[in-house]
Amino acid sequence: MSLTMRVFKATGRNLRLGAAVAVVSAIVLTGCTTSEVFNQGYVVDQTALDLTPVGSSREQVLLSLGTPSTTATFDNEVFYYVSQKRVRGAMFMKPKLVDQSVLAVYFSEDGTVSQIANYTLKDGRVFDMISRTTPTGGVDKSFLAQVLSGAGSEESTRNAVSRAIMGGGS
C-alpha cells in the first residue's frame with residue numbers, strides 16, 4: 001500500500017465558497033448585536049414641571065405631571081415619578097441599568113408643594129421598579145433554623161396533630 005500525498009489547490013470555486021461562508025457568518029453575527037435602549041417609567045417633561053412650582057396644590061400636580069409611579073408609604077406626603085434607562089448589547093444579554101431619575105414632589109401639611117427634588121443614580125441606590133418579592137414582617141429564617149427552633153409551642157403542635165387526625169376545623 002502506497003501513501004500518496006494529496007495536494008489541495010486553491011481553485012476559484014473553493015475561494016468563492018470560503019468567501020460566501022465568511023460573509024454569511026459575518027451577517028449572522030451582526031444580527032446578534034442590537035444595542036437596544038429601554039426607557040421605563042415617567043419621562044420628566046420640563047414644561048410640565050414648570051407648571052408645578054412650589055406652592056401648587058395636589059390637584060395641580062396630578063393634572064400637570066400625571067399619576068405618580070409611587071407615593072410615600074405613610075400619609076401620602078410625597079409623590080415619586082421614577083424613570084430608568086437600560087441598554088442591552090445583544091439579544092441574549094440581560095439589560096444593564098445606565099441611568100435612573102426619581103422626581104420627588106414633597107407636600108406640606110396643608111397639601112401644597114413644599115419642595116421638588118430630582119435624584120439620580122449618583123445620589124443613591126437603584127430603585128427596583130419590578131420587584132418579584134413581597135416584603136413581610138418578622139425575621140426570615142432558613143429551613144434549618146425553622147427545624148431547630150421548632151414549629152411552635154408543644155400545645156399548639158398537639159392541637160394541630162389532633163385536628164389533622166380527627167378532621168376537625170380550625
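Is Tyr81 buried or exposed? Tyr81 is buried, at 0% relative accessible area (buried is under 20%, exposed over 50%, partly exposed in between, with a 1.4 Å probe and protein chains only). The views below come from a predicted model, in which local features need pLDDT of at least 70, side-chain atom pairs count only at pLDDT 80 or more, and totals for chains, interfaces and linings use all residues. Residues are numbered from 1 along each chain as its sequence is written, and side-chain values use heavy atoms, without hydrogens or water.

**View 1. The whole protein chain has five helices and five strands.** Starting at the N terminus, the order of elements is α-β-α-α-β-β-β-β-α-α (DSSP runs numbered from the N terminus: helices are H or I with at least four residues, strands are E with at least two). Of the 170 residues, 17% are buried. The chain exposes about 13400 Å², and 59% of this comes from carbon and sulfur atoms (Shrake-Rupley areas with a 1.4 Å probe; for residues, only the protein chains shown count as cover). Among contacts with a separation of 6 or more, 48% join residues 24 or more positions apart (contact means heavy atoms within 4.5 Å).

**View 2. Tyr42 and Tyr81 form an aromatic pair, one of two in the whole structure.** The pair is tilted, with 4.9 Å from centre to centre and 50° between the planes (rings of Phe, Tyr and Trp, for Trp the six-membered ring, pair with centres within 6.5 Å; planes under 30 degrees apart are stacked, over 60 edge-to-face, the rest tilted). Tyr42 sits in the loop between strand S1 (33-41) and helix H2 (46-50), while Tyr81 belongs to strand S3 (residues 78-90), so the pair ties together parts 39 residues apart in sequence. Tyr42 is buried too, with a relative accessible area of 16%.

**View 3. Phe79 and Phe107 form an edge-to-face pair.** Their ring centres are 4.9 Å apart and the planes stand at 75°. Here the pair links distant parts of the chain, since Phe79 is in strand S3 and Phe107 in strand S4 (residues 96-107), 28 residues apart. Phe79 counts as buried at 7% relative accessibility, and Phe107 counts as buried at 6%. Look also for Arg58, which lies over the face of Phe107, at 4.5 Å from the ring centre (a charge sits over a ring if NZ of Lys or CZ of Arg is within 6 Å of the centre and within 35 degrees of the ring normal).

**View 4. Helix H3 (residues 58-65) has buried residues on one face.** Val61, Ser64 and Leu65 are the buried residues here. Seen down the axis of H3, they fall within an arc of 80°, so they line one face of the helix (the arc is taken from the directions from the helix axis to the C-beta atoms). Glu59 and Leu63 are exposed on the other side of H3. What do the buried residues of H3 pack against? They pack against H2, S3, S4 and strand S5 (113-120). After H3 comes Gly66, with a positive phi near 90°.

View 5. Setting aside neighbours within four places in sequence, Ser64 is in contact with Ala48, Leu51 and Thr52.

View 6. Tyr119 is in strand S5 and is partly exposed, with a relative accessible area of 31%. Not counting residues up to four places away in sequence, Tyr119 touches Gln100, Ser101, Val102, Ala104 and Tyr106. Gln84 lies in strand S3 and is buried, with a relative accessible area of 2%.

**View 7. Met91 is found in the loop between S3 and S4.** Met91 is partly exposed, at 47% relative accessible area. Met91 and Glu36 are 55 residues apart in sequence, with their C-alpha atoms 8.4 Å apart in space.
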